[in-house]
Amino acid sequence: MATQVLETSAFPDPNVHAARLPVSAIVSVRNEEQNLARCLQSLASVGEIHVIDSRSTDRTCDIARAYGAQVTQFHYRGGWPKKRQWAMDTLPLAHDWVLLLDADEALTPELENEIQKAIRDSHFDGYYLKLEMYFLGSALRHCGAGFYKLALFRRGKGRFECRLESQDDSMCDMEVHEHVVVNGRTAKLKSPVIHRNVESLSRYIRKHDQYSNWESRVLTEGLGASPDLKPDLFGNQAQRRRWLKRRFFRLPGSPVLLFLYRYLFCFGFLDGVPGLIYCAFQAVQIFHTKAKIYEQKVS
């Protein structure tokens, strides 16, 4: 077993069965006291909230319980599954629909209303949600920052692809760029999820160091082409990105090319200084990944 439950607790919510949205929300956290309250406030109408914590040392768990969330401790010991897939496999979810959110994400009232209608449609088993990105206090309207992720689906119909079974805690205990795969029809919702990160840049850099550890291993161990979401220029957004990334990585100077693409071609300069920093960080992420691939080859 890669994981274990250390603790589950909650303050019971007497209105859980009267919720407007019969959805089980899963929120993955670790030291998210600055972000979590805003996220949970946006989930006030959701049927149940499971906060999956990785031994936070700040007030994260207290905040979660204050909002009536069920808190479950997750201890990662490497391997697969990771945090959110483990939660879907293990927790006694009460509703037929599952919503995955990060602590720095929040629903809008418009999206809440759209979800309410969408889950009544028997023709679809999953929905892609659009992320509206805020970085250093500003909306990123350009930079190529916005994207869709499959974060709402029927329980039992969706699961995360596994792109690398041999993992350790240097690669983050949560799914990084693994995507949810739904067995059934999917559609896109129009209203966005607000992704507003208020952490320090130091923590942002530390987290992305873990992401590059993971991605360098995926690209060198031959599992990058997941059988669930194979790279495909004419596939969905995740497949197109994967197809482009695999070819882009082979180009000399690809970090510089990525910066120029995001900052100039995608008009990232219109997002001001936050846009400049975001585009530069994205390019540095590619550089770190390529450097770690080289390190693995010579070590």
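The model is predicted, so local features are reported at pLDDT of at least 70 and side-chain atom pairs at pLDDT 80 or more, whereas totals for chains, interfaces and linings use all residues. Residues are numbered from 1 along each chain as its sequence is written, and side-chain values use heavy atoms, without hydrogens and water.

Confidence was examined by chain and by element. The pLDDT score is the predictor's confidence in each residue, on a scale from 0 to 100. Its mean over the protein chain is 89. A value of 70 or more is reached by 91% of the residues. Helices (H or I, at least four residues) and strands (E, at least two) are DSSP runs, numbered from the N terminus. Among these elements, strand β3 (residues 46-53) has the highest mean pLDDT, 98. Strand β1 (residues 3-9) has the lowest, 52. The pLDDT falls below 50 over residues 11-17. Beyond near neighbours in sequence, that stretch has 6 contacts in the model (contact: heavy atoms within 4.5 Å).

Helix α5 spans residues 201-220 and has 20 residues. From first to last C-alpha it reaches 28 Å. This is close to the 28 Å expected at 1.5 Å a residue, where the expected span is 1.5 Å times one less than the number of residues. Burial was assigned from relative accessible area: buried is under 20%, exposed is over 50%, and partly exposed lies in between (1.4 Å probe, protein chains only). The buried residues of α5 include Y204, H208, Y211, W214 and V218. The buried residues of this helix pack against β7 (126-135), α6 (237-248) and α8 (272-298).

Salt bridges were counted next. The rule requires a side-chain nitrogen of Lys or Arg within 4 Å of a carboxyl oxygen of Asp or Glu. The count comes to 11. One of these pairs is R203 with E32, whose closest N and O atoms are 3.8 Å apart. R203 lies in helix α5 and E32 in the loop between β2 (21-29) and α1 (36-42), so the pair ties together parts 171 residues apart in sequence. R203 is buried at 19% relative accessible area. E32 is buried at 7%.

A salt bridge also joins D209 and K292, at 2.7 Å from N to O. D209 belongs to helix α5 and K292 to helix α8, and the pair links distant parts of the chain, 83 residues apart. D209 is partly exposed, with a relative accessible area of 37%, while K292 is buried at 15%.

E215 and K245 meet through their side chains at 2.9 Å, N to O. E215 counts as buried at 6% relative accessibility. K245 counts as partly exposed at 29%. Elsewhere, R84, D102 and E175 are linked in a network of salt bridges.

D125 is found in the loop between α4 (109-118) and β7. At 13% relative accessibility, D125 counts as buried. Leaving aside residues up to four places away in sequence, D125 touches W97, F153, R154, K157, V182, N183, G184 and R185.

A nonpolar surface patch of about 710 Å² was identified. L251, V256, L257, L260, L264, F267, F269 and L270 make this patch. Patch residues have over 30% relative accessible area and no salt bridge; nonpolar side chains (Val, Leu, Ile, Met, Phe, Trp, Tyr) are joined within 5 Å, and like charges within 9 Å. Accessible areas come from the Shrake-Rupley method with a 1.4 Å probe, and for residues only the protein chains shown count as cover. L257 sits in helix α7 (residues 254-265). L257 is partly exposed, with a relative accessible area of 39%.

Backbone geometry was checked last. Most residues other than glycine have a negative phi, and most peptide bonds are trans. The bond from W80 to P81 is cis, with omega near 10°. P81 lies in the loop between β4 (70-76) and α3 (83-90). N31 is not a glycine, yet has a positive phi of about 50°. N31 lies in the loop between β2 and α1 and is partly exposed at 25% relative accessible area. L136, also not a glycine, has a positive phi of about 55°. L136 is placed in the loop between β7 and β8 (138-139). At 38% relative accessibility, L136 counts as partly exposed.
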